[in-house]
Amino acid sequence: MIKRSFIGLSKPRLKYRSLEDTPSLKQIPTSKEVTLLSNCPFDKKKLLFKKKVAVKTGQKLLLYKESDEYVVSSVTGKVSSISSYTGDFGRSYTAIAIEVADDEEIDDEFKSAAGGSKDATLETVKNYLAFAPGNPPVKLLSDKDKPINTIVVCCADSDLLTTTNQYIIKSDIDAIKNGISILKTITGVNDIIMIASQSQMHEVSATGEKVNQVNDTYPSALPHLIMKDILGKVVPAGKSPEDIGVCFISAEAVASIGNAFNSGLIPATKIFTLVKKDGSKSLVSARIGTPASDIFKAFNITLNENDRIIFGGPMTGLSVYSEDHPVQPDTGAIIVQDKDDIPVISDYPCTNCGGCIRVCPANIQINLLVRFLEAGLYEEAADQYDLYSCIECGLCSYVCVSGMPIFQYIKSAKYELGRANTAEATNG
Amino acid sequence: MVDNNTVDNNTVDKKKFIVSHAPFWHDGSRISLRNYNIALAALPAILLGIIYYGIPAVGVISLSISSAIIWEFVFCRIAKRSNTIGDGSAAIIGMLFGMLLPAIAPWWLVIIGTFVAVIIGKQIYGGIGANPFNPVVVAIAILMISWKDIFDFNEALMNYDLDFVMVYPLAALKHFGVSAVDSFSMGDLLMGKQSGGIGSTFGLGLIAGGIYLIIRGIIRWEISLSFLAGIIITALIFNLTDPVRYAGPVIHLFAGYTLIGAFFLATEDSSSPVNFIPMLIYGAVAGFMTVLIRNIGVYIDGVIFAILIMNLVSPLLDKIRPKAIGKVA
């Protein structure tokens with residue numbers, strides 16, 4: 001997808017990493033305290049449980065009155081604090097810290113509710129597996145307003161350096177087979193499309209489902225591009241695949257569903273790639289909620305002032321401001337960057353070099369868009385310069401000669417417009 | 001005095017990390033690197049100019065680069081902007097401006113020229129990236145109109161006696177017709193054996209520099225190639241209609257400012273379009289107008305004015321753009 005200059009010896013292509021052999025998995029011992037993050041904004045008054053409540057491994061914790069948001073405890077112990085966590089763009093989360101007890105007890109609510117693989121229902125998946133590794137998109141699957149007619153299972157990883165899906169394909173293909181058959185039964189959707197990279201084609205075709213190959217160059221494996229290039233359905237600007245009846249689910253999430261029904265336990269460990277300062281990579285398995293600092297300790301990584309910790313891949317991940325940020329169900333990678341390796345973001349203006357135009361997979365006129373965004377003219381940017389066509393791959397910032405944070409401009413514009421629209425809707 | 005080595009546990013726990021938005025990688029390109037590469041690409045042409053024209057050429061180029069940098073510095077000071085001479089943009093403006101001048105250009109002309117280029121051509125619009133015209137082209141155009149005699153290369157370089165015909169091919173063509181330029185072979189033109197600007201005559205050097213910039217992805221090949229194609233086709237059409245009055249493509253391609261225009265002037269980032277079709281139109285029309293001005297206009301060389309006019313329409317051309325994915329209507 002990345003178009004290059006005439007002969008173009010200059011620019012490296014961004015290739016997805018492919019796992020040749022099954023790498024060894026480093027198990028991180030359970031931490032003394034884990035933190036579970038819920039997307040639900042913190043609201044003390046409506047909380048359904050208090051501090052010091054005992055929880056068991058695999059226990060579902062409903063958070064608030066009049067809400068079906070929940071987290072699933074990955075450990076046994078006592079709730080030590082419930083607090084607010086503020087993420088990107090001021091988004092509020094609820095953080096539940098659990099002090100881990102010495103003896104582990106397994107909660108059996110799911111087991112009795114679920115039964116075996118054959119008794120699986122959409123209701124059980126929705127009620128228990130939203131917090132499983134890979135974040136199964138249970139809400140999308142059960143949304144009555146937006147019926148799903150195709151399920152796309154991504155066996156390739158969407159960002160660079162992340163290899164979780166690939167590892168699961170190599171190590172646990174049976175769970176995926178089981179997960180797919182459960183998905184088919186509970187949703188009634190028979191159109192399952194597997195997306196695999198070239199090196200995975202053989203392994204993935206063992207599932208017996210329809211397999212399509214995805215290009216090995218970033219950002220081919222992002223949902224919008226899979227829709228356009230493989231399914232031949234273009235997602236209208238500002239919409240998501242589920243709006244036109246396609247639900248994306250990662251191989252990891254499928255395996256979580258398969259394993260949960262097979263064993264009667266909600267999976268609580270997360271597999272992700274750890275990228276150290278020198279660029280070396282290890283595959284790690286840790287309980288959901290494990291603070292990053294415990295993982296760094298296990299690998300003897302020391303962090304200094306002004307280094308950077310990234311949750312997720314290098315193109316679309318999030319940087320966090322605390323070493324204690326917990327591993328979440330959708331954490332594909334934790335990357336540590338030394339302060340000397342952090343590229344400088346500058347306040348230089350766009351020089352109109354055209355680098356972003358050449359690289360943009362969505363054909364957006366970024367050189368003009370960014371001028372509107374810099375001036376805060378978000379409405380004009382959306383109306384005239386295709387703000388909502390952006391598929392958020394981050395390549396524009398990656399190639400920007402001026403070092404402009406273009407991707408950040410785009411995200412904050414979308415955020416501000418979204419906020420303005422919500423305000424308008426509530427004010428009538 | 002506070003002992004910096006005593007750090008209590010509390011502060012150790014609260015290390016500050018860099019938190020910024022994705023992506024966390026960058027391909028390492030920088031404006032300064034681009035400009036150094038342009039300087040490198042222009043070097044062969046400048047060196048040959050210096051070999052031919054000696055110390056006066058060194059003087060013009062050096063003065064041009066240094067005065068451009070000084071103007072930028074002075075303006076940044078007065079306008080209370082952060083100092084931008086480090087990005088190399090002023091140096092490139094000075095260098096390209098010097099390359100277009102005859103070797104005997106007086107010092108005051110160079111200084112006025114770089115003032116026009118840096119201040120009027122670039123800074124008053126808001127600096128790098130905001131200039132609607134190529135600053136160098138603006139400066140040369142203004143100076144060419146104001147001091148015609150200095151840009152009459154035949155007159156300007158009268159005192160030089162090099163081992164080739166000291167005739168400015170385009171002037172000869174204009175005044176005496178095609179027969180006057182018969183003596184120029186393509187090899188001579190490519191090797192800079194013609195009179196002209198310091199850095200604008202060494203065709204081979206300019207082409208090599210241009211190809212280097214294209215391979216590195218620093219200039220947009222679409223513009224350079226369509227500009228040259230526009231010149232070749234238009235010159236050919238004129239030549240076919242009247243071979244006695246209008247020269248063939250070779251002279252138009254390798255004489256005057258054509259090659260430096262194709263690879264160094266028309267390709268300036270902020271004044272040229274970025275989409276594929278607009279780039280082709282921009283280049284081809286600039287080439288077409290160059291030959292038009294040369295053949296039936298009053299000016300001897302049309303490159304400068306052709307590029308200036310195309311700079312003007314560049315934003316309009318860029319409206320022709322591919323449809324963004326998922327765009328409704």
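## Met186(B) and its surroundings

Setting aside neighbours within four places in sequence, Met186(B) is in contact with Val250(B) and Phe254(B). This comes from a predicted model. Met186(B) and Phe254(B) lie 68 residues apart along the chain, yet their C-alpha atoms are separated by 7.6 Å.

Met186(B) belongs to helix H9 of chain B, which covers residues 186-190. Is Met186(B) buried or exposed? Met186(B) has 12 other C-beta atoms within 10 Å, and a residue with 12 or fewer counts as exposed, so Met186(B) is exposed.

## Chain B as a whole

Chain B contains 15 helices and zero strands. Its C-alpha trace spans about 90 × 55 × 30 Å along the principal axes.

Of the 329 residues in chain B, 55% count as buried. Among contacts in chain B with a separation of 6 or more, 74% are between residues 24 or more positions apart.

## Contact between the chains

How many residues of chain B are in contact with chain A? The number is 38, and they are in contact with 60 residues of chain A. On the chain B side, the elements that give two or more residues are helix H2 (31-53) and helix H10 (203-215). By class, the residues on this side of chain B divide into 18 nonpolar, nine polar and 11 charged.

## Domains of chain A

Chain A is divided into three parts: domain 1 (25-29 + 269-341), domain 2 (31-103) and domain 3 (355-427). The centres of domain 2 and domain 3 of chain A, taken over C-alpha atoms, are separated by 34 Å.

## Nonpolar cores

The largest nonpolar core has 125 residues. Those with the most contacts inside this core are Val153(A), Cys155(A), Ile195(A), Val254(A), Leu369(A), Cys396(A) and Ile406(A). Which helix gives the most to the core? Helix H8 of chain A (residues 251-263) does, with seven residues. A second, separate core has 99 residues, including Ala45(B), Ile61(B), Ala68(B) and Val291(B).

Cys396(A) is one of the residues with the most contacts inside the largest core. Leaving aside neighbours within four places in sequence, Cys396(A) is in contact with Cys356(A), Val359(A), Cys360(A), Ile366(A), Ile406(A) and Phe407(A).

## Packing of H4(A) on H8(A)

Helix H4 of chain A (residues 164-171) packs with H8(A) at an angle of about 45°, and the two axes are 8 Å apart. Angles under 35 degrees count as roughly parallel and those of 65 to 115 as roughly perpendicular; H4(A) and H8(A) are therefore oblique to each other.

From H4(A), the residues in this contact are Thr164(A), Asn165(A), Ile168(A) and Ile169(A). They meet Ala251(A), Glu252(A) and Ala255(A) in H8(A). The contact has four nonpolar, two polar and one charged residues.

## Helix H7 of chain A

Where do the buried residues of H7(A) pack? They pack against four strands of chain A: S8 (150-154), S9 (192-197), S10 (210-214) and S11 (246-250). Helix H7(A) covers residues 223-231, and its buried residues are Pro223(A), His224(A), Leu225(A), Ile226(A) and Met227(A). Gly232(A) follows H7(A) and has a positive phi, near 70°.

Key:
Residues numbered from 1 in each chain as written. Chains lettered and ligands numbered in written order. Predicted model: local features only at pLDDT ≥ 70, side-chain atom pairs only at ≥ 80, totals over all residues. Core = buried A, V, L, I, M, F, W, Y, C linked by C-beta atoms within 7 Å. Buried ≥ 20, exposed ≤ 12 C-beta atoms within 10 Å, placed from the backbone. Contact = placed C-beta atoms within 7 Å. Domains from an automatic or database assignment. Nonpolar A, V, L, I, M, F, W, Y, C, P; charged D, E, K, R; others polar. Axes fitted to C-alpha atoms, helices over the stretch in contact; angles between N-to-C directions. Parallel < 35°, antiparallel > 145°, perpendicular 65-115°, else oblique.
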